[in-house]
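This report describes one protein chain, part by part. Please look over the sequence and the model before reading on.

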Amino acid sequence: MNWTLEVVVVPVSDVDRAKEFYAERLGFAIDHDTRVGDDVRIVQLTPPGSGCSVVIGRGAVPDMPPGSLKGLQLVVPDLEQARKELVARGVEVSEIQVLGANPRPVPHPLDNVGFVFFTDPDGNAWAVQQISSRA
(Lines give C-alpha, C1' and ligand atoms only; values in the text may rest on other atoms or scores of the structure.)
Protein backbone atom coordinates (compact mmCIF):
# COMPACT_ATOMS: atom_id res chain seq x y z
CA MET A 1 0.00 0.00 0.00
CA ASN A 2 1.29 3.47 -0.89
CA TRP A 3 1.00 6.26 1.65
CA THR A 4 1.29 9.59 -0.08
CA LEU A 5 1.61 13.01 1.46
CA GLU A 6 -0.90 15.16 -0.41
CA VAL A 7 -1.40 18.38 1.58
CA VAL A 8 0.59 20.53 3.99
CA VAL A 9 -1.17 23.37 5.80
CA VAL A 10 0.89 26.57 5.82
CA PRO A 11 -0.13 29.09 8.51
CA VAL A 12 -0.48 32.64 7.20
CA SER A 13 -1.85 35.92 8.51
CA ASP A 14 -3.20 37.30 5.23
CA VAL A 15 -4.72 34.76 2.83
CA ASP A 16 -4.75 37.08 -0.21
CA ARG A 17 -1.11 38.14 0.29
CA ALA A 18 -0.03 34.50 0.73
CA LYS A 19 -2.06 33.37 -2.29
CA GLU A 20 -0.36 36.02 -4.43
CA PHE A 21 3.09 34.99 -3.15
CA TYR A 22 2.62 31.29 -3.77
CA ALA A 23 0.88 31.72 -7.14
CA GLU A 24 2.66 34.72 -8.64
CA ARG A 25 6.10 34.57 -7.01
CA LEU A 26 6.57 30.82 -6.75
CA GLY A 27 4.45 29.76 -9.71
CA PHE A 28 2.22 27.35 -7.78
CA ALA A 29 -1.05 26.45 -9.52
CA ILE A 30 -4.22 27.59 -7.76
CA ASP A 31 -6.26 24.41 -7.42
CA HIS A 32 -9.15 26.08 -5.67
CA ASP A 33 -10.13 29.07 -3.54
CA THR A 34 -13.22 28.03 -1.61
CA ARG A 35 -15.28 30.22 0.69
CA VAL A 36 -17.81 28.68 3.05
CA GLY A 37 -19.62 31.63 4.52
CA ASP A 38 -17.82 34.70 5.84
CA ASP A 39 -15.49 32.94 8.27
CA VAL A 40 -14.11 29.98 6.31
CA ARG A 41 -11.77 30.11 3.33
CA ILE A 42 -9.55 27.37 1.96
CA VAL A 43 -7.01 27.98 -0.81
CA GLN A 44 -5.09 25.01 -2.22
CA LEU A 45 -2.00 25.56 -4.36
CA THR A 46 0.34 23.01 -5.94
CA PRO A 47 3.98 23.44 -6.99
CA PRO A 48 4.63 22.56 -10.65
CA GLY A 49 5.07 18.79 -10.97
CA SER A 50 4.33 18.09 -7.30
CA GLY A 51 2.01 15.46 -5.90
CA CYS A 52 1.70 17.47 -2.68
CA SER A 53 -0.18 20.74 -2.34
CA VAL A 54 -0.16 23.49 0.26
CA VAL A 55 -3.31 24.82 1.85
CA ILE A 56 -3.69 28.31 3.28
CA GLY A 57 -6.82 29.79 4.69
CA ARG A 58 -8.86 30.59 7.75
CA GLY A 59 -11.60 28.92 9.70
CA ALA A 60 -11.32 25.32 8.52
CA VAL A 61 -7.54 25.02 8.70
CA PRO A 62 -5.63 24.18 11.89
CA ASP A 63 -4.89 27.16 14.10
CA MET A 64 -1.13 27.64 14.00
CA PRO A 65 0.82 30.86 14.45
CA PRO A 66 1.56 32.47 11.06
CA GLY A 67 5.17 31.87 10.06
CA SER A 68 5.65 28.94 12.43
CA LEU A 69 6.20 26.30 9.75
CA LYS A 70 9.90 25.67 9.12
CA GLY A 71 11.70 23.11 7.00
CA LEU A 72 9.40 22.79 4.00
CA GLN A 73 11.44 21.52 1.09
CA LEU A 74 11.04 21.57 -2.66
CA VAL A 75 13.25 19.50 -4.97
CA VAL A 76 14.33 20.60 -8.44
CA PRO A 77 16.59 19.05 -11.09
CA ASP A 78 18.49 22.34 -11.73
CA LEU A 79 19.08 24.53 -8.68
CA GLU A 80 20.84 27.29 -10.58
CA GLN A 81 17.88 27.68 -12.96
CA ALA A 82 15.38 27.47 -10.10
CA ARG A 83 17.20 30.23 -8.21
CA LYS A 84 17.25 32.43 -11.33
CA GLU A 85 13.49 31.94 -11.72
CA LEU A 86 12.83 32.82 -8.08
CA VAL A 87 14.96 35.96 -8.32
CA ALA A 88 13.20 36.97 -11.57
CA ARG A 89 9.84 36.57 -9.79
CA GLY A 90 10.98 38.86 -6.97
CA VAL A 91 11.58 36.24 -4.28
CA GLU A 92 14.32 37.05 -1.76
CA VAL A 93 16.31 33.83 -1.97
CA SER A 94 19.71 32.88 -0.57
CA GLU A 95 22.75 32.19 -2.64
CA ILE A 96 23.36 28.53 -3.45
CA GLN A 97 24.81 26.71 -0.47
CA VAL A 98 26.52 23.33 -0.46
CA LEU A 99 25.70 21.40 2.70
CA GLY A 100 27.83 18.33 3.23
CA ALA A 101 29.38 16.02 0.70
CA ASN A 102 28.00 13.25 -1.43
CA PRO A 103 28.91 9.75 -0.21
CA ARG A 104 29.04 8.46 -3.80
CA PRO A 105 29.50 9.92 -7.29
CA VAL A 106 26.52 11.88 -8.63
CA PRO A 107 25.70 13.30 -12.08
CA HIS A 108 26.06 16.94 -10.92
CA PRO A 109 28.13 18.34 -8.03
CA LEU A 110 25.07 20.09 -6.54
CA ASP A 111 22.96 16.92 -6.46
CA ASN A 112 21.75 16.14 -2.94
CA VAL A 113 23.93 18.82 -1.34
CA GLY A 114 22.94 22.04 -3.15
CA PHE A 115 20.29 24.23 -1.49
CA VAL A 116 18.76 27.70 -1.54
CA PHE A 117 16.46 29.11 1.12
CA PHE A 118 13.60 31.60 1.25
CA THR A 119 10.65 32.56 3.42
CA ASP A 120 7.10 33.50 2.57
CA PRO A 121 5.71 36.89 3.68
CA ASP A 122 4.84 35.46 7.13
CA GLY A 123 8.22 33.83 7.73
CA ASN A 124 7.37 30.20 6.89
CA ALA A 125 10.76 28.80 5.86
CA TRP A 126 11.41 26.87 2.66
CA ALA A 127 14.43 25.08 1.23
CA VAL A 128 15.01 24.11 -2.38
CA GLN A 129 17.32 21.14 -2.98
CA GLN A 130 18.82 19.90 -6.23
CA ILE A 131 18.34 16.26 -7.17
CA SER A 132 18.79 15.76 -10.90
CA SER A 133 18.33 11.99 -10.80
CA ARG A 134 17.49 9.37 -8.23
CA ALA A 135 19.25 6.06 -7.71
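How many helices and strands are there in the protein chain? The chain has 2 helices and 8 strands. Helices (H or I, at least four residues) and strands (E, at least two) are DSSP runs, numbered from the N terminus. Their order from the N terminus on is β-α-β-β-β-β-α-β-β-β.

The model is predicted: local features need pLDDT of at least 70, side-chain atom pairs count only at pLDDT 80 or more, and totals for chains, interfaces and linings use all residues. Residues are numbered from 1 along each chain as its sequence is written, and side-chain values use heavy atoms, with hydrogens and water left out.

## The chain as a whole

The C-alpha trace spans about 55 × 40 × 25 Å along its principal axes. The chain has 135 residues, and 38% of them count as buried. Buried means under 20% relative accessible area, exposed means over 50%, and partly exposed is in between (1.4 Å probe, protein chains only). The accessible surface is about 7900 Å², and 53% of it belongs to carbon and sulfur atoms. Accessible areas come from the Shrake-Rupley method with a 1.4 Å probe; for residues, only the protein chains shown count as cover.

Contact means heavy atoms within 4.5 Å. Among contacts between residues at least 6 apart in sequence, 54% join residues at least 24 apart.

Two strands pair if DSSP finds at least two bridges between them. Strand 1 and strand 4 run parallel and are joined by 3 bridges. Within this pair of strands, Val7 stands opposite Ser53 in strand 4.

The loop between helix 1 and strand 2 holds Gly27. This glycine, Gly27, counts as partly exposed, at 22% relative accessibility. Gly27 and Pro47 are 20 residues apart in sequence, while their C-alpha atoms are 6.9 Å apart in space. Apart from neighbours within four places in sequence, Gly27 is in contact with Tyr22, Pro48 and Arg89.

## The sheet of strands 5 to 8

Another open sheet has 4 strands in the order 5-8-7-6, and its pairing is mixed. Its edge strands are strand 5 (72-76) and strand 6 (97-98), each of which pairs on one side only. Strand 7 (residues 114-119) and strand 8 (residues 125-130) run antiparallel, joined by 5 bridges. Thr119 stands opposite Ala125 in strand 8. Helix 2 (residues 79-88) packs on the sheet and touches strand 5, strand 7 and strand 8; its direction makes about 20° with that of strand 7.

## Aromatic pairs and the core

The structure holds 7 aromatic pairs. Rings of Phe, Tyr and Trp (its six-membered ring) pair if their centres lie within 6.5 Å; planes under 30 degrees apart count as stacked, over 60 as edge-to-face and the rest as tilted. Two of the pairs are listed here.

| Pair | Centre distance | Plane angle | Kind |
|---|---|---|---|
| Phe21 and Tyr22 | 5.3 Å | 90° | edge-to-face |
| Phe28 and Trp126 | 6.1 Å | 75° | edge-to-face |

Phe28 lies in the loop between helix 1 (15-25) and strand 2 (29-36) and Trp126 in strand 8, so their pair ties together parts that are 98 residues apart in sequence. Phe21 is buried at 7% relative accessible area, and Tyr22 is buried at 0%. Phe28 is buried at 5%, and Trp126 at 4%. Ring pairs link Phe21, Tyr22, Phe28, Phe118 and Trp126 into a cluster.

A nonpolar core is a set of buried Ala, Val, Leu, Ile, Met, Phe, Trp, Tyr and Cys residues joined through side-chain atoms within 4.5 Å. Which residues have the most contacts inside the largest nonpolar core? They are Tyr22 and Phe118, in a core of 27 residues. Helix 1 supplies the largest share of this core, 5 residues.

How values were computed. Axes fitted to C-alpha atoms, helices over the stretch in contact; angles between N-to-C directions.
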